[in-house]
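Reader: Could you walk me through this structure? I am new to reading these and would like to ask as we go.

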Amino acid sequence: MNISTFATKDEMGMAAAECGAALIRRALAECGAASIIVATGASQFEILAHLVTAEGIAWNRVTIFHLDEYIGLPIAHPASFRQYLWTRFARQLPLPPAAFHFIDGEADPACECARLGELIRRQPVDVAFIGIGENGHLAFNDPPADFETGEPYIVVSLDEACRRQQLGEGWFPSLEAVPERAISMSVRQILNSAAIVCTVPDARKAEAVRQAVKGPVTNRLPASILQTHPEVTLFLDHPAASLLA
C-alpha cells in the first residue's frame, strides 16, 4: 500500500485526482476504453472536483459505476448519492461518459443488484475511487463486513456508527431520518479493481486509517482488507494520518 499525506484537503484531492487520471489514461491507451468506480460523501469533494478537470481523458470512452446508494431515498433528497454524483461529477465532465451506471435506490433492491451485477461483470474495472468510513467501512460494507460473497452488489444494513457519520456530516436532520439499508458494491467487487485510489481526510477517521494500515486484516475493520490488494494508493490529509507515526 502506497501512502501519501498532505497539509490540506485540496492538495490531497488534487494529488489523488492526478494519480487516478494517470491510471485512466493508461487504460485508455492500452485498451481503448476504461471503466471506473466513483464514491461519494464528504471525503470525495476535492478529488472529484479535480478529476473532472483532468486533461487528456476521453470520457466518452469511460464507463462509470456508482459505489453505493440508500434504499428508498428519492433522487431529489439532498443526501441522494445519485444527485451528488450527477451534480458534482457527471454533469461537470467535458464529454458525456460512455455509460454512467447509477444505483437506483428506489427500485426493487434485489432486481437492482442483479441488474448492476450483470453490467459490471461484462468488463474489468481499471480504477476504483473510494474512501474509508469512521467505522472502517468500504462503500456501505459496515463491520462485520462480508468478505466472501462474489456478488458484485448486495443489500446491506447500516450500523449506528455509519448512520451517525451521515448525520454528523450534515446529510440528514436527525438519526431517525438516516436510512437503515442500502445497496452497496461488495468488498470482493471493489478488490477486483486493477487499481484503487483511496482518499481519506479528517481526524475523525484517523483511528480507522491506523487500523486499516497497521492492524490485522479483519471484517471487523473492513478497510483493512486493502492490505491484500497489489495496487492501492492511500491519500490522507495530516489529521487523518496523525496516528500512523
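Author: Let us begin with a term we shall need: a residue is called buried when its relative accessible area is under 20%, exposed when it is over 50%, and partly exposed in between. Please keep in mind, too, that this is a predicted model.

Reader: OK, so is Glu118 buried, exposed or partly exposed?

Author: Glu118 has a relative accessible area of 42%, so it is partly exposed. Its salt-bridge partner is Arg122, with the closest N and O atoms 3.9 Å apart, and Arg122 is exposed, with a relative accessible area of 59%.

Reader: How many salt bridges does the structure hold?

Author: There are 13 salt bridges in the structure. One of them joins the side chains of Asp202 and Lys9, at 2.9 Å from N to O. Because Asp202 sits in the loop between strand 9 and helix 7 while Lys9 belongs to helix 1, this pair ties together parts that are 193 residues apart in sequence.

Reader: And Asp202 itself, buried or exposed?

Author: Asp202 counts as buried, since its relative accessibility is 15%, whereas Lys9, at 33%, counts as partly exposed.

Reader: Which other pair links distant parts of the chain?

Author: Arg121 forms a salt bridge with Glu151, the closest N and O atoms being 3.3 Å apart. Arg121 is in the loop between helix 4 and strand 6, and Glu151 is in the loop between strand 6 and strand 7, 30 residues apart. There is also a network, in which salt bridges that share partners join Lys9, Glu134, Glu169, Asp202 and Arg204.

Reader: Switching topic: what order do the strands have in the sheet of seven?

Author: That open sheet has the order 1-10-9-6-2-3-5, with parallel pairing. Strand 1 and strand 5 stand at its edges with a single partner strand each, so one side of each has no neighbour in the sheet. Strand 5 pairs with strand 3 over three bridges, and Phe65 stands opposite His101 in strand 5.

Reader: What about the sheet of three strands, which way do they pair?

Author: Those strands, in the order 4-8-7, pair in the antiparallel sense, and five bridges join strand 7 to strand 8.

Reader: Last one: which residues of helix 3 are buried?

Author: In helix 3, Phe81, Arg82, Tyr84 and Leu85 are buried. Seen down the helix axis they fall within an arc of 160°, so they line one face of helix 3. These buried residues pack against several elements, including strand 2, helix 2 and helix 5. At the start of helix 3, a side-chain oxygen of Ser80 comes within 3.3 Å of the backbone nitrogen of Arg82.

Key. Residues are numbered from 1 along each chain as its sequence is written. This is a predicted model: local features need pLDDT of at least 70, side-chain atom pairs count only at pLDDT 80 or more; totals for chains, interfaces and linings use all residues. Side-chain values use heavy atoms; hydrogens and water are left out. Buried means under 20% relative accessible area, exposed over 50%, partly exposed in between (1.4 Å probe, protein chains only). Helices (H or I, at least four residues) and strands (E, at least two) are DSSP runs, numbered from the N terminus. The arc is that of the directions from the helix axis to the C-beta atoms. Contact means heavy atoms within 4.5 Å. A polar contact is a pair of N or O atoms within 3.5 Å; within protein, one must be able to donate a hydrogen and the other to accept it, and residues adjacent in sequence count only if both atoms are side-chain atoms. Two strands pair if DSSP finds at least two bridges between them. A salt bridge is a side-chain nitrogen of Lys or Arg within 4 Å of a carboxyl oxygen of Asp or Glu.
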